[in-house]
Amino acid sequence: MTSTKFIVYRFDPQTDRLPYYEAFEVPSDPDYTVLDGLFYIQGEIDASLSFRCACRNWMCGSCGVCVNGRPRLACKTPLREVGRRAFIEPLGNFPVIKDLVTDMGPFFKKWQAVMNAFVPAPNRGEDPIPVRPEHRLEIDKMLECIACGLCYAACTMVRVDPDFFGPAALTRAYCLIKDERDAIRDARMAIVASEDGIFRCHAHGDCQEVCPKGISPTKAIQELKRRAVTSWKS
């Protein structure tokens, strides 16, 4: 069996003054993923290695890391695509807690800032509220976001302006604003069009390049920009 050299970012704030990198040889079976490699290191070489995961089936979004400089889900990245050497680092634009584990708090605070929960229109009784099919088709794909943070890690504007809401939060806002059943679309639109919102995006497209679900936050943000300069009620 061949092997892949994992060069892993290490940092424990309780013991380390600065981050450093440590190399490990990991068996590279054709079916192994980067996550399998991390489990191998933790189980067979160094039990102190810290990383985050849950479902192991690219559904929960918790195992995001940078692999050779690119934000990816460790469970979805086969070693055959990585090559003989893999630089494994924590996601960019996030504070590091330990090794590959990052603090997702700032990311989810921005979700909350755009009022990420659906608010049903009042006084509609129990009657179903219709949604125009063309609107539903536009947001269906974007509702598959798993909040993995890869787009946030890849976003150059978040790197420049830490207060920028980021692609995931703005995509969530777009889905709610586009849903004509929502009661606070105008209020939510005012938030995303504020100083730290949609007009800070330069449409580089880095976010959509790394999304494991094939979502295009760039498209959602551009649609919000169009709506902001035309009619919030359209």
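Hi everyone, let's start with helix H1: its buried residues pack against strand S1 (3-10), strand S2 (20-27), strand S3 (64-67), helix H2 (79-82) and strand S5 (85-89). Keep in mind that this is a predicted model.

So which residues of H1 are buried? They are Val34, Leu35, Gly37, Leu38 and Ile41. These residues cover an arc of only 165 degrees around the axis, which puts them on the same side of H1. Over on the other side of H1, you'll find Gly43 and Glu44, which are exposed. We can check the length of this helix, too. H1 has 12 residues, 34-45, and at 1.5 Å a residue they should span 16 Å; the end C-alpha atoms are 16 Å apart, which agrees.

Now, please look at strand S4, residues 70-73. In a regular strand, side chains alternate between the two faces of the sheet.

What about the partner of S4? Strand S3 runs antiparallel to S4, and four bridges join them. If you'd like a landmark, find Val65, which stands opposite Arg72 in S4. The two strands form a hairpin with two residues between them, and Asn68 in the turn has a positive phi of about 50 degrees.

My last stop is a pair of helices, H8 (residues 185-192) and H10 (residues 217-229). They pack at an angle of about 110 degrees, with their axes 11 Å apart. That makes H8 roughly perpendicular to H10. Who makes the contact? From H8 come Arg185, Met189 and Val192, and from H10 come Leu224, Arg227 and Ala228.

Technical notes. Residues numbered from 1 in each chain as written. Predicted model: local features only at pLDDT ≥ 70, side-chain atom pairs only at ≥ 80, totals over all residues. Heavy atoms only, no water. Expected span 1.5 Å × (residues − 1). Buried < 20%, exposed > 50% of the residue type's maximum accessible area, 1.4 Å probe, protein only. Arc of directions from axis to C-beta. Contact = heavy atoms within 4.5 Å. Pairing = 2+ DSSP bridges. Axes fitted to C-alpha atoms, helices over the stretch in contact; angles between N-to-C directions. Parallel < 35°, antiparallel > 145°, perpendicular 65-115°, else oblique.
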